[in-house]
Amino acid sequence: MSRRGPEPDSGAESLSSDEKELVASSVEGEGSAEEHPADAEESDGRRSDEEQEEEKELLPGCNEAGVNCLPPCEHCRNENDQKELVTPRRFAGGQHVVQLDAEGTYQCSLTGLIFEVTGAVKITYSLLSWSKYASLVEKPWMVGGPLFDVRCDSAPALTSIQFPHSFCLGGDGAGMAFKVLHIKGQGAAIEPSVDYSASHVKWLVSSLSPVGPLLQGPEPLHYHGAVILYKVVDEHPSLSFRVYVATNNDSFIKDISRAVKHSNKKFIKIDKPPVCQKLLQKGKRYRLVCEPEAEITPEEIEFVDGSLLKLKSYIEVYLEKPDDFTLSLVELESDATVWKAKLRESDWIHYDQNKNKQKTSTVSVKKRKPTSSILEEDVLCSKKQKTGNTADGIETKSLTDQQLMVVAKLFGRQWREIAIECLQMEMKDIEQIQAMEEEVNMQKFRVLSKWRDREQSKGTAAALHNSLQQKAPYEILQVLKGFSARS
């Protein structure tokens, strides 16, 4: 890591006697964290398909973890050390599980967590809400990043965990102090970190229970930010949206998703690049601008980190006519654009169409088509394959070699399993490609190319995204969405 924190025995930034004691005596309405499994915040796993689909939104990958959708911050120093990317299996209750086979340093492609292990282990972890533990975070300490409950089948083998943080440290992070809040039973202890970088805080594992980074630093604090969009789903032709301005903290973003889920209205998430192009500053005021003009409430907001707040604030946008429009978040003091997105009817119309198709399929019986109709469809299908796949009258192109190589380089060590499970590749084909190509990225490229050739005109970015969405790392899905939008 690029910046050294104080060593535990150095005396500098060591724990005070107060910090060594448990902070706060209890969490209202909570039992011991040890008594709750990693999915204590969720139901017992018997969830509907809709709830499981919403669970997929909880890790949008918009944290400064170095492996997800965010580009490097121009103010932060880039990390050069390489970790092996691993993609966890996801289970009900928001649990993630990785099986690490040997000693090394591994980075989760979904959460940004970095694990250092001395041998083979199975690690189970889940994202928690800071708002449930707000009484344990006392000034001058502030939430520094997401909160996780981590378990391991061989605890001594898990030596350290690096947590992603949401702050921009600028040049060298002078004056910043990182520690971690280690929740134990009904209280918590503030424990030292051993290192920190532009993106992570490193903690030596003392015991396993909920842990998250804290920060103490000089004002003003600058955050990597995200803007999250949801659209109200109803029968009205007008448009209504919720716009959340958040720190780039997965716990914060999970709370937003949960608040929307439990609203008395129905919402869909609008998939737009969430990252703010300019840092958010605590205490500064911002306004949301719509072109063409819309009703926006409130007109201005003062940015604060709402991680500890149970109720998350949002901006409401209402348009009478369902036309395309542009939203921009602007810093009042400088009039600089912090975030901007173009919203089109196609961003949400497919959701409505899919819902209607599902309803139709459950209440109707498909009639057998006459032979002439089948022949006509075969002719049309043949024409589409010659000209390219067409959806809603818009021609979509197959992925190029250059695009496939970009995707290939993003796959981690589990690429063979993903190819077999998601792309229906045969192991013999993969072994044949490996025998022909020595370079791993070329092997991945050849597999993707074979998939594209098999799909012919359907070998598009959207089709590959749909095939991979259950297993592939988030950054790959984001890249494919970008390719699809440009095709």
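User: What share of the contacts in the chain with a separation of 6 or more comes from residues 24 or more positions apart?

Analyst: A contact means heavy atoms within 4.5 Å. Here, residues 24 or more positions apart supply 70% of the contacts with a separation of 6 or more. This is a predicted model, where local features need pLDDT of at least 70, side-chain atom pairs count only at pLDDT 80 or more, and totals for chains, interfaces and linings use all residues. Residues are numbered from 1 along each chain as its sequence is written, and side-chain values use heavy atoms, leaving out hydrogens and water.

User: Which strands does strand 7 pair with?

Analyst: Strands are DSSP runs of E, at least two residues long, numbered from the N terminus; two of them pair if DSSP finds at least two bridges between them. Strand 7 (residues 121–128) pairs in the antiparallel sense with strand 4 (residues 95–100) over six bridges. Strand 9 (residues 147–152) also pairs with strand 7 in the antiparallel sense over six bridges. Thr124 in strand 7 stands opposite Val97 and opposite Arg151 in strand 9.

User: Is strand 7 mostly covered or mostly exposed?

Analyst: Buried means under 20% relative accessible area, exposed over 50%, partly exposed in between (1.4 Å probe, protein chains only). Seven of the eight residues in strand 7 are buried. Across the chain, 48% of the 487 residues are buried.

User: Where is pLDDT below 50?

Analyst: pLDDT is the predictor's confidence in each residue, from 0 to 100. The chain averages 77. Residues 60–71 stay under 50, and residues 352–395 are below 50. Where pLDDT is low, the predicted coordinates should not be read in detail.

How values were computed. Helices (H or I, at least four residues) and strands (E, at least two) are DSSP runs, numbered from the N terminus.
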